[in-house]
Amino acid sequence: MTPAPPNDGGDLFAANLTGALLAVASSAFIGVSFIVKKKGLRRAGAAGTRAGVGGYGYLLEPLWWVGMVTMLIGEIANFVAYMFAPAVLVTPLGALSIIVSAVLAHFILNEKLQRMGVLGCVLCIVGSTVIILHAPEEETPSSVAQIWHLATQPAFLCYAASALVISLVLMLHCAPRYGQTNIVVYVGICSVIGSLTVMSIKAVGIAIKLTIEGINQAGYFQTWLFATVSATCIIIQLVYLNKALDTFNTAVVSPIYYAMFTSLTILASAIMFKDWSGQSISSIASEICGFLTVLTGTVVLHSTREHDPTLSSDLYTPLPPIYWHIQGNGETGGKQKEDDLLSGDFITVVRQDYFV
């Protein structure tokens, strides 16, 4: 009996379904890891220098490592999902991790989830369902050399070069100056580098899948190059994601990271793998609407979550003022009476960095 060809419609649908289920499981683990890592970062920050200002004390915090292991499990599931399904399907399902982290943050981190936040969760689920139902059926490349050909197209080379330049500007110029006050800096680095991570991880995943099927890809130098790029990008993402989580509220980091990372990944995948090639206009429109629905859900979820003060806000909290009365004979006398504030010969002394 002749086996079905690899591009059989039933096989492609089964592959998409497998990839979708793995992506959902990945989102659950990653959502949990956000909360566990946040708890670990808080503990480490209370005992030493915070990660947001360059500290690495969290590496000695067991709870942070539990979160890392949980995230690793989720990323492995995500990694395998890319072997079966296109990035246009797998990446948007990452929104489900926001729902998990939002619910757990409500109970564990006391970051309250309001009623409209529940609506945001529902929108994320509805949008994800639409994306799954209209996802493109992607044929698996037959070798790493074929993936390399896709990666060296002029259009994708332009995207990769632009991503590297933007990342370097954000890391070398913007991060030291604005990283502690502007969330887009840290999250932007994670998102731009993350889009390259997904492309290289997908290439490595396909190489592993082909090797398991008996078509050895270890002899191609491109396999090891893609693996090196993946490892490098993942390390950069982890460093700046830790900085973002330690500096800003989880309710802020998660949706903004999702929106930027998913948008850039879909763009990169559409350029490199031509995911939408051969699809009808209605299917592409449905996928875009599904993504916009998920994006709307993340915005609603973010806008209705209360913001807890970050540790960095302590720099801008004035100390109790000290009032000095300059007496006529040149002597100074300390007073702290509230009604003396009306006198013109009083000086209020606060922390210098309050005015920074």
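Colleague: What does the accessible surface of the chain come to?
Modeller: About 17600 Å², with 69% of that belonging to carbon and sulfur atoms. The area is a Shrake-Rupley value with a 1.4 Å probe. This is a predicted model: local features need pLDDT of at least 70, side-chain atom pairs count only at pLDDT 80 or more, and totals for chains, interfaces and linings use all residues. Residues are numbered from 1 along each chain as its sequence is written, and side-chain values use heavy atoms, leaving out hydrogens and water.

Colleague: How many helices and strands does the chain have?
Modeller: 11 helices and three strands, taken as DSSP runs (H or I, at least four residues, for helices; E, at least two, for strands) and numbered from the N terminus.

Colleague: Switching to α7 and α8, at what angle do their axes cross?
Modeller: Roughly 155°, and the axes of α7 (residues 154–178) and α8 (residues 183–212) come within 9 Å. The axes are lines fitted to C-alpha atoms over the stretch in contact, with angles from 0 to 180 degrees between N-to-C directions. So α7 is roughly antiparallel to α8, a label for angles over 145 degrees.

Colleague: Which residues meet there?
Modeller: Among them are F156, Y159 and L170 in α7, and V185, I189 and M199 in α8. Contact means heavy atoms within 4.5 Å.

Colleague: How do the residues of that contact divide into nonpolar, polar and charged?
Modeller: 18 nonpolar, three polar and no charged. Here Ala, Val, Leu, Ile, Met, Phe, Trp, Tyr, Cys and Pro count as nonpolar, Asp, Glu, Lys and Arg as charged, and the others, Gly among them, as polar.

Terms used
Parallel < 35°, antiparallel > 145°, perpendicular 65-115°, else oblique.
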